[in-house]
Amino acid sequence: MEAHGPRLLGSSYKDPVSSFHLFHKFSVEHQEVYWSMVLKEISIKFQQEPKSILDTSDKSKKGGTWLQGAVLNIAECCLLPWPSQNRTDDSTAIVWRDEGLDNHPVNRMSLKELRNQVITVATALDTMFQKGDRIAIDMPMTCTAVIIYLAIVLGGFVVVSIADSFAPQEIGTRMSVSKAKAIFTQDFIIRGGKKVPLYSRVVQGTSSKAVVIPATGGFLGVSLRNGDMSWKDFLSCAAGRSSIYPTIYQSSDALTNILFSSGTTGEPKAIPWSQLSPIRCTCDTWAHLDIQPQDIFCWPTNLGWVMGPILLYSCFLSGATLALYHGSPLGRGFCKFVQDAGVTILGSVPSLVKSWKAGNFTEGLDWTKIRVLSTTGEASDIDDDLWLSSRASYKPIIECCGGTELASSYIQGSLLRSQAFGAFSGASMSTGFVILDEQGTPYPDDVPCAGEVGLFPLYFGATDQLLNADNNKVYFDGMPIYNGRQLRRHGDIIQRTVGGYYIVQGRADDTMNLGGIKTSSVEIERICNRADESLLETAAVSIKPAGGGPEQLAILAVLKDRSPPCDANVLKSKFQRAIQKNLNPLFKVSYVKIVPEFPRTASNKLLRRVLRDQLSKELSNRSKL
Ligand SMILES: Nc1ncnc2c1ncn2[C@@H]1O[C@H](COP(=O)(O)OP(=O)(O)OP(=O)(O)O)[C@@H](O)[C@H]1O
């Protein structure tokens, strides 16, 4: 803003903080100007420069055509020295540590070593696969996984990202939906001192060729099925070949990665990532988390979740160092790694923070190198956020909310605005949206309100196709027209507060109608979570009685580990009082149940639709008795 603000905003420009709102508005209204500026901040090397930044002439592409004519290889852009970022061959690209070796020094890999290893893997891939083949990765996000990911993209193949927590059947579905030719995996996953089988799950899930990496040491702990291959044998295919790699350059919209959404609202969608998606997410990390070449960025995740590729590209395209902990992120070992690796940007999801806090795992550790914290995945807990921020001398927590299909967050905190825990300080750069009332009419931009979000459709990096569903049907059909263009559906209910902050109230599918008032589950849960000391978390769902009549509010509760047994009726009156006092005196709690845990997606998101189905069944059986 200091470099461009005066030129772009004229006399209205004051300084980055006071003119932020104006500059954001400019980025929405002049996306081609905004994107041409930020593209220069990251290490993008075009073989052919784009003819245009945004072209809206093809009306079938509701999201616009971006960087038309550009030819590049996004993995190559990650691996080149880049003088403006002070990135040389000797710069540290990755720091990592294996769980259990918590008192050893952290390991480091230079950019040159990373590039050489990526080239070796890409060379070996060329001996076995045709360009464009889809190749899956199902393993923890280790150094080796990152090398394989970049090699697949460098060689003009397509990564199929499968999270390592999936059961065989889910691995199988993802392999067949994506038509993957092979899968990179590990024999085991070492996590929290346990050895969890992985190869055996892959073998049960798919007959495609597996290349198997040992979780520890140089030797595999399993015997291989006919046709499968050890990592060592795979690498030997590259022996004796040239160390200069014939990189494959493709158009900006070329497919590089197939990801799957988490499936909180239905079947997981197979989401294609082009070469635009990495650019979008890195520029957002640059603009919102202020990632800089000297940063060390850590975010426990997996390449099968959108945060995996976002983390990888955000580091390598901005010249920062990627920090990876090979093991469970839930315990003290991980927290110590954050200290020892000198992490400066730490991302998390709410359940991780809960675990660090419950175990007091940061005690005695020095997290003061952290300058930015971040969270995503589901609504974060304000008390946990305060705890987390206090571990790092009260550094801000940037809340991020978006989707795999957007390759970004549509709402996200910004360091140029004050942060409020559990809330978003605005839309991400260049993103515009309206909040719709129940008739689909947008509320004015400056009023506090709540409703479903409608994204402005011209969105750099968003999908224009899905592999197993119709992009237009899923994201556009039935959405209102705004300023001559059909809005893009995202499915979240958001609230705009006084002062222009945003709070996500959950998915539109999770709203309920209580006594004629539309209410979000998340809002009720926020209040119930604080109703009693013994509560770890709550889930609110509404049940439609089999015989008709108004929806009934049911609340399920999980108690903290060491809390004494608790009576559901006592909880019920506590919930009732809290809701009446803080939300609406007319809302009645009909049913409370204490359960050991909630059903969650593999990425740990609460599956309210499953709870709703289970409870409906349970209650209708009861009424039959
Ligand atoms: N920081 C956050 N606060 C609140 N909710 C969040 C946050 N981050 C993500 N979410 C929720 O997760 C959603 C994005 O997750 P994802 O892209 O995996 O899709 P999904 O909706 O879970 O899957 P599907 O589309 O298959 O149902 C967001 O739309 C939002 O509802």
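Is the crossing of α16 and α17 left-handed or right-handed? Hold that thought for a moment, everyone. What we have on screen is a predicted model, and I'd like to walk you through a few parts of it.

Back to our two helices. Helix α16 spans residues 521-528, helix α17 spans residues 568-582, and their axes come within 9 Å, crossing at roughly 115°. That crossing is right-handed. On the α16 side, the contact is made by I524, I527 and C528, and these meet F575, A578, I579 and N582 of α17. Sorted by class, that contact has six nonpolar residues, one polar and no charged ones.

Now for the sheet. Seven strands form an open sheet with mixed pairing, and the order is β12-β11-β8-β6-β7-β14-β15. At the edges sit β12, residues 229-230, and β15, residues 270-273, each pairing on one side only. If you look at β8, residues 182-186, and β11, residues 209-213, you'll find that they run parallel and are joined by five bridges. For instance, Q186 has I213 in β11 as its bridge partner. Packed on this sheet is helix α7, residues 168-178, which touches β6, β7, β8, β14 and β15. The direction of α7 makes about 160° with that of β6.

Finally, the annotations. In an unreviewed entry, UniProt lists residues 23-78 as "domain: Acetyl-coenzyme A synthetase N-terminal". In the model, that span is 36% helix and 18% strand, with its end C-alpha atoms 29 Å apart. The unreviewed UniProt entry also has a "transmembrane region" annotation covering residues 141-163. Here the end C-alpha atoms lie 9 Å apart, and the span is 52% helix and 17% strand.

How values were computed:
Residues numbered from 1 in each chain as written. Predicted model: local features only at pLDDT ≥ 70, side-chain atom pairs only at ≥ 80, totals over all residues. Axes fitted to C-alpha atoms, helices over the stretch in contact; angles between N-to-C directions. Helix = DSSP H or I, 4+ residues; strand = E, 2+ residues; numbered from the N terminus. Left-handed = near helix turned anticlockwise from the far one by under 90°. Contact = placed C-beta atoms within 7 Å. Nonpolar A, V, L, I, M, F, W, Y, C, P; charged D, E, K, R; others polar. UniProt positions renumbered as here; feature names shortened; annotations may be inferred. Pairing = 2+ DSSP bridges.
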